[in-house]
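Open the model in your viewer and keep the selection panel at hand.

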Amino acid sequence: VSVETVELPLSRDVFETAFARVAPHTHRTPLLSSRMLGQLTGFDVRLKAEMFQRTGSYKIRGPLNKFAELTEDERRRGVICSSAGNHAQGVALAAQIYGIKAVVAMAENATPSKVAATRGYGAEVVLHGSIWDEANEKAQQLVRERGLTYIHPFDDLQLIAGQGTLGLELIRDWPDVDVVVVPIGGGGLISGVSMALKAHKPSVRVIGVESSGAPGMRDSVRAGSVVTLDRVDCVIDGLRVKRVGQTTFEVVRRFVDEIVTLPDEKIFDAMLWVMNHAKLVVEGAAAAPVAALLNGLVAAPAGSKVVCVLSGGNVNLDQLRGLRWN
Ligand SMILES: Cc1ncc(COP(=O)(O)O)c(C=O)c1O
């Protein structure tokens with residue numbers, strides 16, 4: 001489905017249909033209040049705790065909607081995706097739920113726990129290259145060789161509609177919300193969330209957060225067309241994208257009110273802040289909205305009702321093994 005042939009924003013009905021497909025297989029993740037973030041910012045802040053989602057991130061939502069739209073023949077042949085990790089787990093578990101064979105191409109340096117989790121959901125994992133783009137070329141080759149259906153990690157409207165169910169839950173759980181802050185990698189999550197929110201409440205402001213080392217969406221919106229970044233100075237998988245999608249770009253430039261950026265180091269600080277103060281395990285991409293708040297990048301009237309989307313918690317905690325604690 002291309003953006004030209006579909007009326008935007010996706011209608012409420014599209015998100016309702018997606019929700020009916022996604023909800024039976026997912027958790028309704030909580031909106032947790034953070035008194036401390038409230039005190040620091042002057043806002044009323046809540047955290048959409050999507051690290052509690054199945055597979056540890058929101059990435060299960062999109063495939064659960066997408067697979068319902070595949071033909072019998074496509075389901076029989078199976079699906080393939082390429083991913084730094086979370087999309088892989090989402091595709092793998094959703095495929096298992098639908099009884100579809102899944103192949104996942106990953107970069108060779110992918111986090112071992114994410115590779116193991118993906119295999120654990122029954123997917124075949126093919127390791128290739130050192131960055132998503134290289135793993136992706138491998139996936140395209142396997143599409144040609146094996147006739148698998150390619151499941152894009154962000155640039156697909158049916159996938160986007162599934163990711164948007166997070167926004168639908170959020171607006172139902174807190175109808176008074178004023179501002180929603182969402183991380184941006186390729187732009188799939190924020191595309192779905194912004195359209196789902198605005199289909200219900202056009203006055204909601206949606207703010208995207210990118211790493212300043214990979215500001216592909218901000219630069220594309222500024223340029224008026226999708227740009228490919230020459231280099232990416234960002235190690236946070238999820239935010240580390242060289243070229244955002246055409247569809248996600250079209251959605252973001254219409255429905256996202258603002259994009260802010262900050263360096264990885266500030267995002268790492270925010271990860272620790274969230275673990276320390278909210279007692280939640282977040283991965284880098286998921287800490288980016290909190291980083292934006294802590295660094296004063298979210299401008300809104302005092303008392304505004306603000307949600308940070310904590311999009312996942314799949315961080316490699318094995319790195320901490322051997323530390324001594326008290
Ligand atoms: C935890 C997490 N948050 C945010 C993102 C960014 O999502 P998108 O690529 O849809 O913009 C990703 C992407 O992998 C992710 O894994």
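Select L47, I267, V282, V290, L293, V298 and L310: of the 37 residues in the largest nonpolar core, these touch the most other members. A nonpolar core here is a set of buried Ala, Val, Leu, Ile, Met, Phe, Trp, Tyr and Cys residues joined through side-chain atoms within 4.5 Å. Buried means under 20% relative accessible area (1.4 Å probe, protein chains only). This is a predicted model; local features need pLDDT of at least 70, side-chain atom pairs count only at pLDDT 80 or more, and totals for chains, interfaces and linings use all residues. Numbering starts from 1 along each chain as its sequence is written, and side-chain values use heavy atoms, without hydrogens and water.

Next, colour α14 (284-294), one of the elements that each supply at least two residues of this core. The largest share, eight residues, comes from α14. Helices are DSSP runs (H or I, at least four residues), numbered from the N terminus.

Now pick L310. Beyond its neighbours within four places in sequence, its contacts (heavy atoms within 4.5 Å) include L47, M51, V274, V282 and V290. A second, separate core has 25 residues, among them Y58, I171, V180 and V182.

Show the polar contacts (N or O pairs within 3.5 Å):
- G185: a polar backbone atom, 2.7 Å from a ligand oxygen.
- L189: a backbone N or O atom, 2.8 Å from a ligand oxygen.
- S311: a side-chain N or O atom, 2.6 Å from a ligand nitrogen.

Taken alone, the ligand exposes 390 Å², and the protein buries 94% of that (Shrake-Rupley method, 1.4 Å probe).

Key. Polar contact = N/O pair within 3.5 Å; in protein donor to acceptor, adjacent residues only side chain to side chain. Buried < 20%, exposed > 50% of the residue type's maximum accessible area, 1.4 Å probe, protein only.
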